[in-house]
Amino acid sequence: MLRNYIKIAWRNLIKNKAYTIINIGGLALGMAVTLIIGLWMQDELSYDNYFTNKDKIAQIYQSQTFNGQTGTGPAIPRPLEMALREGYDDNFKHIVMTSWNNDQYLKYKETSISRPGYYTQQETPQMLGLNILKGEKDGLREINSIMLSKSTADALFGSEDPIGKIVKVNSQYDMMVSGVYEDLPFNNSFKDAKFFMPWEKYITIQEWIINAADNWGNNSFQMFVQIADNTSMDKVTATIKDVKKDLNEDLVEFNPQLFLFPMKDWYLRGSFENGKQQGGRIKYVWLFGIIGAFVLLLACINFMNLSTARSEKRAKEVGIRKSIGSQRGQLINQFLSESFLVVLFAYLIGVLIVLLSLDGFNELSRKEIEFPWGSPVFWIVSVFFILFTALLAGSYPALYLSSFRPVEVLKGTFKAGKYSGTPRKILVVLQFTVSVAFIIGTVIVMQQINYAKNRPVGYDKEGLIQVPTMSQDFSGKYELMRAEFLASNAIVEMSSSSSPTTSIWSNRSGWDWDGKPEGFQEDFAWTAVSPEYAKSLNLKIIQGRDFSREFASDSNAVLINATAVKYMGIPNPVGMFFKDSDEEDPSSPLKIIGVVEDMIAQSPYEPVKQGMYAFDKYDNASYYNMRLNPKQSASQSIAVIERVFKEHFPNIPFQYDFVDEEYGAKFRSEVRVGRLSAIFTGLAILISCLGLFGLTSFVAEQRTKEIGVRKVLGASVFNVWNMLSKDFLKLVILSCFIAVPIAYYVMNGWLQEYPYRVIVEWWIFGLAMVGAMLVTVLTVSFQAIRAAKANPVDSLRTE
């Protein structure tokens, strides 16, 4: 019986080639979109699954309150380590302190490379379960040891055995390779960990780190933990939440609260607002999951509509089958088998589309997704996916077609009925409601991105590069290098800074000034800069003056931004002094000599934070900021800069970033969402148009004789086109009016996440509606005009 079902289904598909192509094509596109979104979602949801003890690993976070606003983050003070080890050790299996992920210069013989990695404690390889390929698992036991990822070891040593070899780090100290571990996968929070070095080494290399050993106010470190097997995240959080407050009375006013942030939430649920967890990337997972489901639904609606539209053509077949004894259940099975066959072909074509588009999708989404040929779970899910889609697409047509009464059909009195087209109309409205909502959403996402991109950044980022200078080789050489670079004519100005132009690496509190309100809890972004900082960035001075080497007192001077003026509540702060309550010598306050225009250094979607730019007394910056000579090409200038750089630092790789590109990277996530949304919206519209095209074809076919009669009686091409088009146009207009309030509600809610956001204007909805109607008219017109221009003699010759 099953063989017979398949054979008849195949004959029906071959007999109606246009119907088959439209159905399989639409379903193939829908299933391809759903498959590729499913693979992307699986990659997102499996983030950090490399770690077998993922459910037991957490990072210590803290929340602190400033003037009623609670901020949350992973930066913690160094003394917390000993407090937890001495008082709460039974709650943890592992406690490890780490540095932030920073690039370090690694050199072996003549090979120099720069790689990101961590200084961390010796329990880290065990806690993370690193796959050790060579050497020791306990490879951080010695203070001068280093563990390398396989890719880093290959880059440094090639075919040589790296174990026991000496690597020079930052041209300062020699480290012996004690182990090589497998590179961590791309969908992993530690994917950039290309080396690990001992924490004990880290706390000896810079004075500020040494001084932070008992400073509870210096939140400059990270801590990861693995909780004990007999406890839970919530229990440990409840135990340790007040540790910092209990051990340091000076911090009580900020109400610091410690908590464990589980590894399973790091990637997808890493956003906090006013101390509360507020989701994160998980919203994109759900967003694209919904898009995939709707695109598949649109393709299934096409199948339903085209199958039921052909009802009169299948009526006699149903009547004959029933008259010779076929039961309704058998007919349902027959139609479902046709549905299954169409879906099976569509799935195979969909897989082919995925394979052809996967590389492009990976590049667009910054993923490394591979097609899971060897995954039994994927193929089991695929079987259920095919069966589900076949049922979703085929159930309504099967129930509808199998309900025909054989007596009416065979006597020739069968008519589809006045309201038989209502379900199809409802499905068309649903299709275009989804499509129009997608169009509106995509336009608003793009508008929000462009709105933030066009926001004034406060400085000139064009022609500006930044060179990392975190090696001790650069210490004390700023003046020499500035003179050399300027003399080369490759640049017109240069400065140094403790943070990159596009980021804030440090925040400081504990400042007093005249007129400060009682109980005011201040917090400023802090950047140490050379005197030429504002000039090199073309940063505008709006009050007072810039730093000057002519004034020795400027070594204790500071510039503040316009937001800081509003934050302090003092309109004219120039000449005032900041007194640092944390300094051992409070008799040397910082004098405000000028106010600069606000510059965006963090998220372009957020308000600019109050900031201070202090004179760098110690010439120990992290970046050189160089303004390229506009009179020559950027490549020519950079080649000269590299030559001068190598003359002074031959053992350090020359690295640089264009500031405008670094700033553009802040939009990557939203741009990816926008581009993917645009692609999926386009496919959704294409699928809807395929269905509309098919429906128009069948309507024109059903009304061939009516069109012939109308033409004989004098109807023009326009009259016939209008007759066939207006019903579909009405449905699309109805879809628009349903889609607009839904899209507005959803997108307005999405925009509320951005303090700096675009205003949703009426023309966006008008544009989407006009676009949908234009696409409908173009789709319907092809078949309508073709039917209108047909010779009426061909359709009426037998009448």
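How many Å² does the accessible surface of the protein chain come to, and what percentage of it belongs to carbon and sulfur atoms? The accessible surface (Shrake-Rupley method, 1.4 Å probe) comes to about 37,000 Å², and 56% of it belongs to carbon and sulfur atoms. This is a predicted model, in which local features need pLDDT of at least 70 and side-chain atom pairs count only at pLDDT 80 or more, while totals for chains, interfaces and linings use all residues. Residues are numbered from 1 along each chain as its sequence is written, and side-chain values use heavy atoms, with hydrogens and water left out.

**Whole chain**
- Of the 799 residues in the protein chain, 51% are buried, where buried means under 20% relative accessible area and exposed means over 50%, with partly exposed in between (1.4 Å probe, protein chains only).
- Along its principal axes, the C-alpha trace spans about 110 × 60 × 55 Å.

**Helix 8**
- In helix 8 (residues 233-240), the buried residues are Met233, Val236, Thr237 and Ile240.
- Because these residues cover an arc of only 105 degrees around the axis, taken from the directions from the helix axis to the C-beta atoms, they lie on the same side of helix 8.
- On the other side of helix 8, Asp234, Lys235 and Ala238 are exposed.
- The cover over the buried residues of helix 8 includes strand 1 (57-66), helix 3 (80-87) and strand 4 (92-98), among other elements.

Note on methods
Helix = DSSP H or I, 4+ residues; strand = E, 2+ residues; numbered from the N terminus. Contact = heavy atoms within 4.5 Å.
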